[in-house]
Amino acid sequence: MTPQEILAQFGPREAMEYDVVVVGGGPGGMAAAIRVKQQAAQQGKDVSVVVLEKGSEPGAHILSGAIMDPKAMTELFPDWKARGAPLHQAVTDDAMVFLGEKSGFRTPNFLLPGCFQNHGNYIVSLGAVTRWMAEQAEALGVEIFPGFAAAEVLYTDDGAVKGVATGNMGVGKDGKPSESFQIGMELHGKYTIFAEGSRGHLGKQLIAKYKLDEGRDPQTYGIGIKEVWEIDPARHQPGFVMHTAGWPMDSSTYGGAFLYHAEDNKVALGFITGLDYANPYLSPFEEFQRWKTHPNVRYYFENAKGEITAKRLGYGARAITAGGLLSLPKTVFPGGALVGCDAGYLNVSRI
């Protein structure tokens, strides 16, 4: 059955009214919801805000392991330390290493550009930070609906966004409603903020509908593969940040890798590959596995006897919006806005 047929047979959908609807409960969506509530409170207004999060809980779809500049967090909550924000491990040292197949050259720290100097920043689990932000948002009165994905943008008769509809549940493999079918619900807002992350499916539709990318450079993307490991305490250097370029990438492929030493003998590591790579045989996953065999990287997974003693705790992959400033679309349109990676706000040089 088509969506129109399902709606005609099982509709109309239940609708809930809010002042602001936020689609996506990642760092961008949570920060937007928090800021709206804060500004409303400063003006003595009561504004209703809801966040739709497709994961089972806020932070469930966030890949852990990141360096965080606390500047934005300080703007949201100047007392974030007293509130218990999970920013525990400060960066203690930076290394930018250019790799050959068996060699590595570390750039002297005084030659590193400002975007590679991370003193004052923190190595965090971004999932934990997002969960903490959700707690702060709820304390301000934000409603959070986990487990619900926005499936459709809703429009007014004059073409402005009026909200979103969640997906239908209980649809069989044949596309027909099953016994457990439940039609989605509508969330209407005076303003709808889209924070779906990189290449969000509703964000793509909005960019095309309102021609938000007109006159901008085409957006570019990468794939980031990340893992979290627990390593030998003797090889753990809390707060150490290493970025690498070069091997195993060829000279025509954009990308690089990182290894961050968090607290509790944990390291977050990852490999980023630009999705414009020309080699049809290149596999970002396999290149990541090759990178881990380099002596400068393998060292952290071994003990003093050269035995692999580290234990992988988790892994995942996600798209990365990498076009930068010249690829930013217009982010405001009738009835809504794009924020975070949905808008392309990732500052590539900063990370």
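I began with pairing: two strands count as paired if DSSP finds at least two bridges between them. Strands (E, at least two residues) and helices (H or I, at least four) are DSSP runs, numbered from the N terminus.

I noted that this is a predicted model, in which local features need pLDDT of at least 70 and side-chain atom pairs count only at pLDDT 80 or more, while totals for chains, interfaces and linings use all residues. Residues are numbered from 1 along each chain as its sequence is written, and side-chain values use heavy atoms, with hydrogens and water left out.

**Entry 1: the three-stranded sheet**

I looked up A66 and found it opposite V124 in β7. Strand β3 and strand β7 (residues 122-124) run antiparallel and are joined by three bridges. Both belong to an open sheet of three strands in the order β3-β7-β4, with antiparallel pairing. I recorded β3 (66-68) and β4 (89-90) as the edge strands, each of which pairs on one side only.

**Entry 2: the seven-stranded sheet**

I then traced an open sheet of seven strands, ordered β6-β5-β15-β16-β17-β14-β18, with mixed pairing. At its edges stand β6 (104-106) and β18 (311-321); each has a single partner strand, so one side of each is left without a neighbour in the sheet. Neighbouring strands of this sheet are turned by 20 degrees against each other on average, direction ignored. For such angles, axes are lines fitted to C-alpha atoms, for helices over the stretch in contact, and values run from 0 to 180 degrees between N-to-C directions.

I followed the pairing at β6: strand β5 (residues 93-99) meets β6 in the antiparallel sense over three bridges. The bridge partner of V97 is R106 in β6.

Which helix lies across β5, β14, β15, β16 and β17? I found helix α6 (residues 284-291) there, running at about 135 degrees to β17 (266-274).

**Entry 3: a helix pair**

I examined helix α2 (residues 27-42) and helix α4 (residues 126-139), which pack at an angle of about 20 degrees with their axes 10 Å apart. The two are therefore roughly parallel to each other, a term for angles under 35 degrees. In contact (heavy atoms within 4.5 Å), P27, M30, A31 and I34 of α2 meet residues of α4 including L126, M133 and A137. I counted the residues of this contact as eight nonpolar, two polar and no charged. Here Ala, Val, Leu, Ile, Met, Phe, Trp, Tyr, Cys and Pro count as nonpolar, Asp, Glu, Lys and Arg as charged, and the others, Gly among them, as polar.

**Entry 4: salt bridges**

How many salt bridges does the structure hold? I recorded nine, each a side-chain nitrogen of Lys or Arg within 4 Å of a carboxyl oxygen of Asp or Glu. One of them joins the side chains of R13 and E186 (3.2 Å, N to O). This pair links distant parts of the chain, 173 residues apart: R13 lies in the loop between α1 (3-10) and β1 (15-23), E186 in strand β13 (residues 186-194).

**Entry 5: two backbone details**

I noted a cis peptide bond between W247 and P248, with omega about 5 degrees. P248 lies in the loop between β15 and β16. In the loop between β16 and β17 I located D264, whose phi is near 60 degrees, a positive value in a residue other than glycine.

Definitions and conventions:
Parallel < 35°, antiparallel > 145°, perpendicular 65-115°, else oblique.
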